[in-house]
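Please look through the sequence and the structure shown here before reading on. The report that follows takes up a few residues in turn and then turns to how the chains meet.

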2 protein chains.
Amino acid sequence: MDNTGLVVDRSPLPPEIDGRVAAQLTFVAEADRLKTVLRASPLAAADRRENDAEHSWHLALMVLLLAEHSDEPIDVGHALKLVLVHDLVEVYAGDSPVFDAASVVDQHEREAAAADRLFPLLPADQARTVRELWEEFEAGVTPEARFCKAMDRLEPMLLNWLNRGGTWQMPGATEATVRAREAGVVAASSSLGAAADLLVEHGLRNGWIRRSPS
Amino acid sequence: MDNTGLVVDRSPLPPEIDGRVAAQLTFVAEADRLKTVLRASPLAAADRRENDAEHSWHLALMVLLLAEHSDEPIDVGHALKLVLVHDLVEVYAGDSPVFDAASVVDQHEREAAAADRLFPLLPADQARTVRELWEEFEAGVTPEARFCKAMDRLEPMLLNWLNRGGTWQMPGATEATVRAREAGVVAASSSLGAAADLLVEHGLRNGWIRRSPS
């Protein structure tokens with residue numbers, strides 16, 4: 001879909017819908033774009049790549065089911081908010097695959113510009129709230145953000161495992177770069193970190209991850 | 001993908017991953033199927049149908065942004081849990097489009113059988129918790145469930161509006177059946193109910209919804 005206008009431009013909301021609700025529904029409509037942003041990761045249940053909306057839902061489900069493994073206590077409701085908004089800026093900035101060095105060069109600038117364009121569609125108080133949630137996730141220093149980032153690392157590792165390679169087969173992926181992703185899981189959860197380590201160990205042994213030159 | 005085995009069968013988890021984590025990751029892998037369950041609703045941002053995982057994420061975002069419009073106070077964190085699991089049984093039972101009378105005949109039996117198969121993949125305590133969340137959503141009697149069901153009605157209405165018809169053009173959709181869906185929004189939120197009413201009023205006026213025979 002054309003990226004210059006808004007999703008609601010194709011069928012403007014009835015004029016009688018009032019300012020605050022109109023702004024919120026305009027944002028909800030714009031967020032539909034997240035379903036069209038493809039990630040590098042393959043699905044496990046079908047032969048296609050995952051999109052950002054599916055990924056965001058999967059992370060939220062993982063937060064709900066795996067929160068008990070966080071090494072620090074976390075507020076699950078708050079963590080769910082973080083994962084639900086964590087990729088929203090990609091509706092304009094696109095996905096930046098971690099094993100694609102070129103795409104991550106200007107990632108921060110592209111995403112900050114997208115945030116400046118997207119969040120102000122909301123009423124001002126909510127624009128601030130959503131921006132704060134996104135910035136909290138990005139900074140990764142609260143226990144909730146640390147755990148959500150761990151899920152954001154673990155989910156594609158699991159999809160790669162189920163695909164016997166997946167993005168581990170990309171040119172930029174080697175044991176070292178995969179281990180750097182694993183570290184994000186270990187940082188938040190010793191038990192899930194141990195599981196991630198087993199996925200990588202067996203992935204190396206099975207030839208699904210390239211060993212780094214020694 | 002084949003529906004007789006488990007998603008993890010294609011690449012079994014390393015045997016050293018322990019019982020509880022193994023059960024949870026097996027469930028997380030099985031949930032990947034939700035990304036392959038197509039709904040009748042069209043996306044607004046692309047020319048294809050929506051899948052259940054995308055839909056679940058979109059509802060969660062709506063709960064987060066629109067909770068202030070609930071006529072009763074709701075616990076947003078709890079409501080998020082309800083929408084994240086509300087369609088999980090469709091990984092085996094499939095989607096049952098509301099305007100397709102044939103598909104809803106045995107919907108309850110199909111979904112109960114799917115729940116009996118899916119939820120026990122989790123550790124027993126979590127299987128109970130997730131089943132209770134699903135049953136709370138289905139019953140729709142708590143304030144959170146009522147609001148989540150309202151979002152489950154409003155989201156496809158908004159997608160239909162943005163598509164100038166969408167599932168409102170299905171043979172089983174008339175003003176009466178569309179109004180019955182609108183009632184689910186009105187029941188939880190007077191302000192969002194008023195917005196839904198405007199979408200239907202203008203939809204009728206624009207010819208995007210068939211008027212019922214008078």
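## A salt bridge in chain A

A:Arg146 is partly exposed, since its relative accessible area is 25%. This model is predicted, and in it the side chain of A:Arg146 meets that of A:Glu72 in a salt bridge, with 2.9 Å from N to O. A:Glu72 lies in the loop between helix H2 (52-66) and helix H3 (76-85) of chain A, whereas A:Arg146 belongs to helix H8 of chain A, so the pair ties together parts that are 74 residues apart in sequence. A:Glu72 is likewise partly exposed, at a relative accessible area of 30%.

## Salt bridges within chain B

In chain B, B:Asp125 forms a salt bridge with B:Arg20, and their closest N and O atoms are 3.0 Å apart. The two residues stand in distant parts of the chain, B:Asp125 in helix H7 and B:Arg20 in helix H1 of chain B, 105 residues apart. B:Asp125 has a relative accessible area of 36% and is therefore partly exposed, and B:Arg20, at 30% relative accessibility, also counts as partly exposed.

A further salt bridge joins the side chains of B:Arg131 and B:Asp116, at 2.8 Å from N to O. B:Arg131 is partly exposed, with a relative accessible area of 24%. Over all chains, the structure holds 34 salt bridges.

## The loop between H8 and H9

A:Arg164, which lies in the loop between helix H8 (143-162) and helix H9 (175-186) of chain A, has a positive phi of about 55° although it is not a glycine. In chain B, B:Arg164 is found in the loop between H8 and helix H9 (175-186), and it has a positive phi of about 50°, again without being a glycine. A:Arg164 counts as partly exposed at 45% relative accessibility, and B:Arg164 is partly exposed at 44%.

The loop between H8 and H9 of chain A also holds A:Thr167. Is A:Thr167 buried or exposed? At 6% relative accessibility, A:Thr167 counts as buried, because the limit for that class is under 20%. Leaving aside neighbours within four places in sequence, A:Thr167 is in contact with A:Ala40, A:Ser41, A:Pro42, A:Phe99, A:Asn160 and A:Ala173.

## The nonpolar core

The largest nonpolar core has 148 residues, and those with the most contacts inside it are A:Leu88, A:Phe119, A:Met151, B:Leu88, B:Phe119 and B:Met151. Beyond its neighbours within four places in sequence, B:Met151 is in contact with B:Leu59, B:Met62, B:Val63, B:Leu66, B:Pro156 and B:Leu192.

## Where the chains meet

Chain B and chain A bury about 5,800 Å² between them, and 70% of that area is on carbon and sulfur atoms. B:Lys35, B:Trp57 and B:Leu65 supply 13% of the area that chain B buries against chain A, more than any other three residues. The contact takes 67 residues from chain B and 67 residues from chain A.

Between the two chains there are 38 residue pairs in polar contact. On the side of chain B that touches chain A, the largest share, 11 residues, comes from H2(B), and the residues of that side divide into 43 nonpolar, 11 polar and 13 charged. Chain B and chain A are also joined by 6 salt bridges, one of which pairs B:Glu155 with A:Lys35, their closest N and O atoms being 3.5 Å apart. Both residues belong to a network of salt bridges that links A:Asp32, A:Lys35, B:Arg39, B:Glu50 and B:Glu155.

Key
Residues are numbered from 1 along each chain as its sequence is written. Chains are lettered from A and ligands numbered from 1 in the order in which they are written. This is a predicted model: local features need pLDDT of at least 70, side-chain atom pairs count only at pLDDT 80 or more; totals for chains, interfaces and linings use all residues. Side-chain values use heavy atoms; hydrogens and water are left out. Contact means heavy atoms within 4.5 Å. Buried area is the accessible area (1.4 Å probe) that two parts lose on being put together, summed over both. A salt bridge is a side-chain nitrogen of Lys or Arg within 4 Å of a carboxyl oxygen of Asp or Glu. A polar contact is a pair of N or O atoms within 3.5 Å; within protein, one must be able to donate a hydrogen and the other to accept it, and residues adjacent in sequence count only if both atoms are side-chain atoms. Helices (H or I, at least four residues) and strands (E, at least two) are DSSP runs, numbered from the N terminus. Ala, Val, Leu, Ile, Met, Phe, Trp, Tyr, Cys and Pro count as nonpolar, Asp, Glu, Lys and Arg as charged, and the others, Gly among them, as polar. A nonpolar core is a set of buried Ala, Val, Leu, Ile, Met, Phe, Trp, Tyr and Cys residues joined through side-chain atoms within 4.5 Å. Buried means under 20% relative accessible area, exposed over 50%, partly exposed in between (1.4 Å probe, protein chains only).
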